[in-house]
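Please look over the sequence and the model shown below before reading on.

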Amino acid sequence: MSERTGNRFASKGFASMQNSYLQKSIDILAERFGKYDMRYVPAPHMPGETYFPWYGRDDEEIMVCVFKGGELHETFHRHDFFFFNYAWRGDYDTISFQRDNLVTIHEGELYLGQPFTGYALRGNPREEVTIVGVLIRKETFYESFTPMAAGSQLLDFFVDPLRDPTAEQFTVLHPDPDFPIAELLSFMICEYAHEQLDTQALLKSYALLLIEHASRQYAREHTGTAAKGECAQMLAYLARNVGRVSLAELAARFGYHPNYLSTLFKKELGKTFTQVVLEQRMQRAAVLLQGTDMPVDKISQQLGYANPSNFYKAFEKYCGCTPGDYRGL
């Protein structure tokens, strides 16, 4: 046997071991899924409706769940976390409360939902389906992932319900070949099934990659709503670095003179650079105030305010109330 042939057989053997380990991990999580204490409790501020609170451990920020079977008939419910449900094998249905219709999620598609999304999953009793779900605590998403995903259309989908209760509450993505969703989920499945001390840290890294790729896919599928003009990329960059980039720094990064950039913002957006930055800061502040219990001083620091009192003054002037009053609305 030649060395090249031997290497090929070795690679096949390694791939077989990997697949075996992945399948074992899927089976572990599928068995674990049936043991979770998923209790329906009255939904806050929604009389007559039920929801799932976070059913992972207190020290968990990310969960990876696997449903495997045919009989799946959930009671309609809401929940207080973000989720990414992937049709790993087979098709399944979901009932959306807002649209009041049955949506079929086909194998290879990704179903995304926000906190308090209303839905109920339905399996196909004639065939086995495998659904892989990545669940992210609401506070973790807003605090850890919002800054990294800022500027993307997908982030707008995730945070719109905080601004508009009637906003669309779920979306379905159809991953392109360059979206390595199966690979990412494979890593997450194996890591979560065989937990170690640093598992949550690794899962957060994988979840960020999942969100980044989902953002690209969302943009491809929603090109009609994409930002237009020369300012689009700069606005996304500002959102990712909210409050930490000056006009001169932004101009240098994108190869413009500051004076030209200032004129461009005014022409395309009808706002000055300072107004754009303030708007982005206040929008992010509103999300963090409503979506998390993060201390106001920490929020001001995340938004680039060296002095919390400056944030308090700017927020009250922009929103007409103090951060504390806004949080209590």
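**Cavity, sheets and helix contacts**

Nineteen residues, written 19 residues in the count used here, line the largest cavity, and Phe 33, Tyr 55, Asn 85, Tyr 119 and Leu 121 are those that lie nearest its centre. A cavity is here a set of points, on a 1 Å grid over the protein atoms alone, where a 1.4 Å probe fits but cannot get out, and lining residues have an atom within 4 Å of a point. The model is predicted, so that local features need pLDDT of at least 70 and side-chain atom pairs count only at pLDDT 80 or more, while totals for chains, interfaces and linings use all residues. Residues are numbered from 1 along each chain as its sequence is written, and side-chain values use heavy atoms, with hydrogens and water left out.

**The cavity**

- The largest cavity holds about 210 Å³ of space, where a volume is the space filled by probe spheres set on grid points that are joined across faces, edges and corners.
- The count comes to one cavity of 30 Å³ or more.
- Strand E3 (62-69), strand E5 (81-89), strand E9 (119-122) and strand E10 (129-137) are the elements that give two or more residues to the lining of the largest cavity; strands (E, at least two residues) and helices (H or I, at least four) are DSSP runs numbered from the N terminus.
- E10 gives the most to this lining, with four residues.
- By class, the lining of the largest cavity has 14 nonpolar, four polar and one charged residues, where Ala, Val, Leu, Ile, Met, Phe, Trp, Tyr, Cys and Pro count as nonpolar, Asp, Glu, Lys and Arg as charged, and the others, Gly among them, as polar.

**The sheets**

- An open sheet is formed by five strands in the order E3-E10-E5-E8-E11, with antiparallel pairing; two strands pair if DSSP finds at least two bridges between them.
- Because E3 and strand E11 (170-173) stand at the edges with a single partner strand each, one side of each is left without a neighbour in the sheet.
- From one strand to the next, the twist averages 15°.
- E3 and E10 run antiparallel and are joined by eight bridges, and Met 63 stands opposite Leu 135 in E10.
- Helix H5 (residues 199-221) packs on this sheet, touching E3, E5, E10 and E11, and its direction makes about 80° with that of E11; contact means heavy atoms within 4.5 Å, and angles run from 0 to 180 degrees between N-to-C directions, with axes fitted to C-alpha atoms, for helices over the stretch in contact.
- Another open sheet, of three strands, has the order E1-E2-E4 and mixed pairing.

**The helix contacts**

- Helix H7 (residues 247-254) and helix H8 (residues 258-269) have axes that come within 9 Å and cross at roughly 100°, and H7 and H8 are therefore roughly perpendicular to each other, a term that covers 65 to 115 degrees, with angles under 35 counted as roughly parallel, over 145 as roughly antiparallel and the rest as oblique.
- Leu 247, Ala 248, Leu 250 and Ala 251 in H7 meet Pro 258, Leu 261, Ser 262 and Phe 265 in H8, and the contact of H7 with H8 has seven nonpolar, one polar and no charged residues.
- Helix H6 (residues 231-240) packs with H8 at an angle of about 105°, their axes being 11 Å apart, which makes H6 roughly perpendicular to H8.

How values were computed:
On a 1 Å grid over the protein atoms alone, a cavity is a set of points where a 1.4 Å probe fits but cannot get out, and a pocket is an open set with protein on both sides within 12 Å along at least five of seven lines; lining residues have an atom within 4 Å of a point.
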